[in-house]
Amino acid sequence: MIAPELTEALQFALDAAEAVRGTTSPNPPVGATIVDANGRIVGVGATAPPGGPHAEVRALAAAGDRARGGTAVVTLEPCNHTGRTGPCAQALIDAGIATVHYAIADPNPVAGGGADTLRGAGVAVHEGLGADSVANSSLRTWLHRQRTGRPHVTWKYAAGLDGRSAAADGTSQWISGADARTRVHDERSRLDAIVVGTGTVLADDPWLTARLPDGDLAPHQPLRVVVGFSDLPTDARVLDDSAPTLVLRTHDVDEVLAALADHPDVLLEGGPRLAGAFLAARRVDRIQAYIAPVVLGDGTAAVQDAGVTTITEALRFRRERVETVGADVLMTLVPDRD
């Protein structure tokens, strides 16, 4: 049975980590909460952009002297190395923290080992608090990169009930409803990068920015990545100064991912051929499919050339979550490795 104050502290840490997702790369988005000796939350922090303090240090700064004798709840094992900032494990020791609960052990051999340092200093250390929640939320993409050495790719698309992403004349705005579009912009504001092909830019001239409900630009903008050999018009919206843009003259999926090595959370929004290329290369780690209650008929399929010619070669996914977003249904799927 988890103590109520730990459950509350964990939720604060999760929310703090989610709030900075997309702004911390190549560092992980970590959240930390300090609970004083009387069980009251006295400090919350999250990882600052690179070069800034880590979550534990920011939470300790908020708590001040009230941290002494208290408990730290952290979404990732406190780091044990000195880089652009000092080791968080030592910061917790110096602040007089008596107990540390962390969700997931740090898989990075350079930064890991904080738990042993804490125990060596007499701090009670417990691993696993909220591990599943953390692994499936703010640290999902960072952990994926630690395991595989490449960014985590989510393919997001909108289609009608017949699997078409555009009508026969090429028009596609808007298949999904206003609620879904708001949801997509909110997600963009937490990403590291968005990838499209030159064909999408030439056909739709998208901005690929993250916008707030009032239409203003969100504080954080992901890197816009355009893939392909076609020349872009100089006045293309994706080349404006509202967000950074990277143009990659390649069709090689792994070359694209290598160029995004420091961007662990990548959203693939390109057209059906680019989606097919990533699927054929087995480089789609999650699908977010917005299915709208419309039929488009003889339009463009959501994906082409995915490397499947017979049913035995079908790429199979399993359901992670299904939810309604306004009038649309959002299916979140992950590869069925079995």
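## Ser242 and its surroundings

The side chain of Ser242 makes a polar contact of 3.4 Å with the side chain of Arg224, where a polar contact is a pair of N or O atoms within 3.5 Å, of which, within protein, one must be able to donate a hydrogen and the other to accept it, and residues adjacent in sequence count only if both atoms are side-chain atoms. A polar contact of 2.6 Å also joins the side chains of Ser242 and Asp240. This is a predicted model, in which local features need pLDDT of at least 70 and side-chain atom pairs count only at pLDDT 80 or more, while totals for chains, interfaces and linings use all residues. Residues are numbered from 1 along each chain as its sequence is written, and side-chain values use heavy atoms, with hydrogens and water left out.

Ser242 lies in the loop between β9 (223-227) and β10 (245-248); helices (H or I, at least four residues) and strands (E, at least two) are DSSP runs numbered from the N terminus. With a relative accessibility of 19%, Ser242 counts as buried, the term for under 20% relative accessible area, as against exposed for over 50% and partly exposed in between (1.4 Å probe, protein chains only). Leaving aside residues up to four places away in sequence, Ser242 touches Thr209, Leu217, Gln221 and Arg224, contact being heavy atoms within 4.5 Å.

## Helix α1

Helix α1 (residues 4-20) has 17 residues and reaches 25 Å from its first C-alpha to its last, close to the 24 Å expected, a span defined as 1.5 Å times one less than the number of residues. Its buried residues are Leu6, Ala9, Leu10, Ala13, Leu14, Ala16, Ala17 and Val20. Seen down the axis of α1, these buried residues fall within an arc of 165°, so they line one face of the helix; the arc is that of the directions from the helix axis to the C-beta atoms.

The covering of the buried residues of α1 includes β1 (31-35), β2 (41-46), β3 (71-76), β4 (99-104) and α5 (131-135). On the face turned away from the buried side, α1 carries the exposed residues Pro4 and Ala19. Gly22, which follows α1, has a positive phi near 100°.

## Strand β6 and its partners

Seven of the eight residues of strand β6 (residues 152-159) are buried, so β6 is largely enclosed by the rest of the structure. Four bridges join β6 to strand β11 (residues 265-268), and the two run parallel; strands pair if DSSP finds at least two bridges between them. In this pairing, Thr154 stands opposite Leu267 of β11. Strand β12 (residues 286-291) also runs parallel to β6 and is joined to it by six bridges, with Tyr157 opposite Ala289 of β12.
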